[in-house]
Amino acid sequence: MTTAEWKPTACNLCYANCGILARMDEETGRVIEKIKGDRAHPVSRGYLCNKASRINYYQNNRDRLNTPLRKRDDGTFEPVSWETAIREVAAGFADIRDRHGGDKIFYYGGGGQGNHLGGTHALALRSALGIRYRSNALAQEKTGLAWMNSRMLGGSWHGDFHGCDVAIIVGKNPWQSNGMQRARVLMRDIGKHPERTLIVLDPRVTETAELADIHLPVRPGTDVWCIMAILGYLAQHDMLDLEWIRERTAGHERILDQLQAVPVTDYAEFAGLSLALVERAAQAIGSTRKIALYEDLGVEMAPYSTLCSYLNILLFTLTGAFDTEGGMHLVNRLAQILDEDVRAPNVDGNGHEIGRRVTPVTGARIVTGLTPCNSISEEILSDHPDRFRAMLVESANPIHSLADAKRLREAFEALEFVVVIDVAMTETAELADYVLPASSQYEKFEATFFPSEFPDNFFHLRRPLTEPLPGTMEEAEIHALLIEALGVFEPGELDGLKEAAERGLDEFAQAILPAMAQPKISRHISYVLYRTLGPTLPYGAAAAAPLWGLCQRHVMSNAAAVRAAGHEGEGTALGNALFQAILENESGVTVSSNQIGDHTQWRMPDRRIHLGIGEMNDEIDTLADYRLPERSEEFPLLLCAGERRSYTANTIIRDPRWMKSNNPTSLSANPDDARKYGLTEAGRARLVTRRGEAIVLVELDDRIPAGTVSLPNGLGTHYPDANDARKQTGVYLNELTDLEDRDPWVGTPYHKHVRARLEAIA
Ligand code: SF4
């Protein structure tokens with residue numbers, strides 16, 4: 001592999017996965033020396049934020065694993081060969097499956113911000129083991145939204161921020177957390193434009209709020225009262241699109257009555273806002289159908305999170321800003337991230353859903369296939385016969401990222417068998433019986449399934465920048481070897497498909513499609529594709545083989561949009577053309593160009609938007625009680641546990657040297673609170689919650705409202721110092737959070753609303 005050239009790949013530090021060009025060092029070819037934006041990327045088009053330049057701290061660091069590890073009886077690890085590890089891991093899981101049933105093995109993870117191919121290969125292993133329950137970090141953030149999407153629209157949506165008149169950002173600071181393409185440019189452009197309006201709902205004066213035309217600095221936790229006040233104002237001033245509502249929606253009667261009854265002034269006041277400000281926002285929203293909205297963790301990890309998602313959907317549907325130019329649109333993803341529940345919901349006479357799948361011990365609602373993260377420890381720490389007894393964790397660090405780390409650690413210790421697949425010695429890997437070292441995202445073919453643009457959506461299959469670190473293995477191969485150790489297929493059983501693959505994609509399609517009628521083939525399809533089609537793919541892209549199946553599925557329901565994006569053919573030939581284009585285009589490719597205004601493409605069987613959601617309509621009635629999880633004398637402050645800052649990202653960057661400017665323990669507090677609690681700038685304090693405490697360094701910041709404090713995300717990880725002692729950098733937030741503080745519907749935790757107190761330290 002030559003080294004001194006610029007190679008396309010993507011930044012893996014946030015959901016946007018901007019296209020980047022990376023240059024490796026000439027000497028070893030392993031160090032990412034330079035990064036620049038990739039103008040050929042279909043969507044990011046050369047955009048980067050400050051974080052991408054530091055990704056070598058992910059690729060090369062002292063925490064990388066380079067041999068499989070097995071736990072000794074004394075709790076330390078010993079290196080073992082891959083052969084031994086695969087044999088013993090397969091035997092360990094087979095033993096649990098045979099004694100208790102495969103549904104007692106829980107699967108967690110499957111990919112983070114930039115690596116979803118591994119999780120695709122895990123599908124076959126999950127089938128082989130009979131695993132039924134799984135989760136990942138989306139189940140502590142997005143499941144309330146996913147539940148509402150499945151009930152109201154049948155899929156996820158995306159706002160046309162380029163063409164909108166009004167952009168609404170709810171509980172998010174895109175300037176730091178990005179999460180949308182070209183976030184800073186986009187926010188600045190809308191904020192500066194004289195005829196466009198940027199509305200930001202956020203208790204803090206964030207960088208994005210500073211750009212806003214209308215900043216709604218809501219009292220923490222009261223977003224739903226603010227949005228209800230806006231919706232109430234719109235309804236009471238005839239600013240809803242009633243004709244469109246009657247034509248395109250179902251079940252709107254109760255919510256329209258509820259909005260007529262909203263005491264707008266009182267709700268605005270409870271949300272800490274002046275009536276004039278709420279009216280200004282409502283008038284801007286009511287003046288156009290070109291509305292783009294984005295909600296994120298600020299409301300999704302706070303009280304009333306599911307209700308807030310419901311109200312946000314009402315903001316763009318009741319105004320007719322759906323499937324219209326500059327408005328909101330259903331997205332067509334190649335993979336069904338967050339859209340697994342697309343089906344006609346079963347509801348009773350009160351509009352309450354019935355028959356949803358639930359977890360075996362606590363009966364928690366499973367949304368988009370995911371067990372609520374806050375239920376996992378309860379599903380383990382029980383004497384229920386159906387409790388989880390083993391866990392496979394892949395490319396995820398639940399012990400660090402899920403609420404109440406102490407409780408989850410207890411749960412992990414109660415499991416009979418734990419295996420972690422990861423690139424580094426994470427806090428979760430420390431608790432495993434076996435740790436299997438994966439090659440990094442820059443050492444193998446990788447991709448994310450997040451892209452959700454409209455009208456043009458894209459996909460980026462990234463090629464490796466460098467060889468795998470010796471001793472590591474890509475997840476595709478790990479899963480395949482485990483399936484083979486479990487003896488799922490007989491030797492030679494797939495030879496016919498292999499031969500067909502060697503004759504080309506068309507012949508392969510003709511062979512595999514009838515073979516899919518065999519449950520054994522269809523249940524293990526990712527493995528079958530990897531071992532049959534994989535070896536025939538160019539550039540060594542074997543791990544990308546499951547994408548062939550996704551492409552075929554994608555064209556079945558989106559053929560016109562795929563053709564409009566420039567791919568030619570009919571049926572499987574179109575799927576083949578799309579797959580070829582993904583393989584060939586190193587900077588990513590447009591996979592669909594969707595039409596606006598074609599409501600025959602809407603996902604609900606009646607092609608309408610369902611506005612009556614019984615559970616949410618009932619909850620709206622309770623808002624008149626003005627109830628919040630309130631602060632107390634013991635815990636008078638609200639901690640925002642996990643604020644995005646200039647040098648915070650997900651925890652895949654473990655080397656603390658990657659941060660240029662952060663003080664990792666710094667806690668932002670309002671100067672009024674500092675006076676009240678005897679704190680000083682740069683002074684130390686003890687932060688105490690119901691579940692734990694941490695020593696922090698106080699940083700005074702009058703942009704944060706009095707009564708609230710904030711700590712950065714992505715810190716508190718363990719990393720070896722010069723003497724190989726594992727040291728923690730920054731605050732381990734989930735030592736402070738409480739399992740009990742969670743959304744009543746889908747269990748998402750209240751990380752942005754943790755009750756706390758501060759004690760000054762001399
Ligand atoms: S952190 Fe996000 S916005 Fe910044 S360069 Fe990486 S992917 Fe792009």
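Which residues of helix H25 (residues 614–622) are buried? In this predicted model, local features require pLDDT of at least 70 and side-chain atom pairs count only at pLDDT 80 or more, whereas totals for chains, interfaces and linings use all residues. Residues are numbered from 1 along each chain as its sequence is written, and side-chain values use heavy atoms, with hydrogens and water left out. Within H25, the buried positions are Gly614, Glu615, Met616, Asn617, Glu619 and Ile620, where buried denotes under 20% relative accessible area, exposed over 50%, and partly exposed in between (1.4 Å probe, protein chains only). The cover over these residues includes helices H4 (143–152), H8 (223–236), H10 (253–260) and H14 (305–317). Helices (H or I, at least four residues) and strands (E, at least two) are DSSP runs, numbered from the N terminus.

The largest nonpolar core comprises 221 residues, and those with the most contacts inside it are Phe161, Ile230, Tyr310, Leu311, Leu461, Leu547 and Ile582. Helix H8 supplies the largest share of this core, 11 residues. A nonpolar core is here a set of buried Ala, Val, Leu, Ile, Met, Phe, Trp, Tyr and Cys residues joined through side-chain atoms within 4.5 Å. Leu311 touches Val224, Ile227, Met228, Leu231 and Ile620, residues up to four places away in sequence not being counted; contact means heavy atoms within 4.5 Å.

Salt bridges, defined by a side-chain nitrogen of Lys or Arg within 4 Å of a carboxyl oxygen of Asp or Glu, number 54. In one of them, Asp724 pairs with Arg62, the closest N and O atoms being 2.7 Å apart. Asp724 lies in the loop between strand S26 (717–720) and strand S27 (726–729), and Arg62 in the loop between helix H1 (56–59) and strand S4 (69–71), so the pair ties together parts that are 662 residues apart in sequence. Asp724 is exposed, at 54% relative accessibility, while Arg62 is partly exposed, at 43%. Asp724 also has a positive phi of about 70° although it is not a glycine.

Another salt bridge joins the side chains of Arg755 and Asp741 (3.0 Å, N to O). This pair links distant parts of the chain, with Arg755 in strand S28 and Asp741 in the loop between S27 and S28, 14 residues apart. Asp741 is buried, at 12% relative accessibility. Strand S28 spans residues 754–760. Beyond residues up to four places away in sequence, the contacts of Arg755 include Pro629, Glu630, Phe635, Val688 and Arg690. Arg645 and Glu643 likewise form a salt bridge (3.2 Å, N to O), and both residues are buried.

A cis peptide bond, with omega about 5°, joins Phe454 and Pro455; Pro455 is found in the loop between strand S17 (434–437) and strand S18 (456–459). Tyr626, which is not a glycine, has a positive phi of about 50°. Tyr626 lies in the loop between H25 and strand S21 (637–643) and is partly exposed, with a relative accessible area of 29%.
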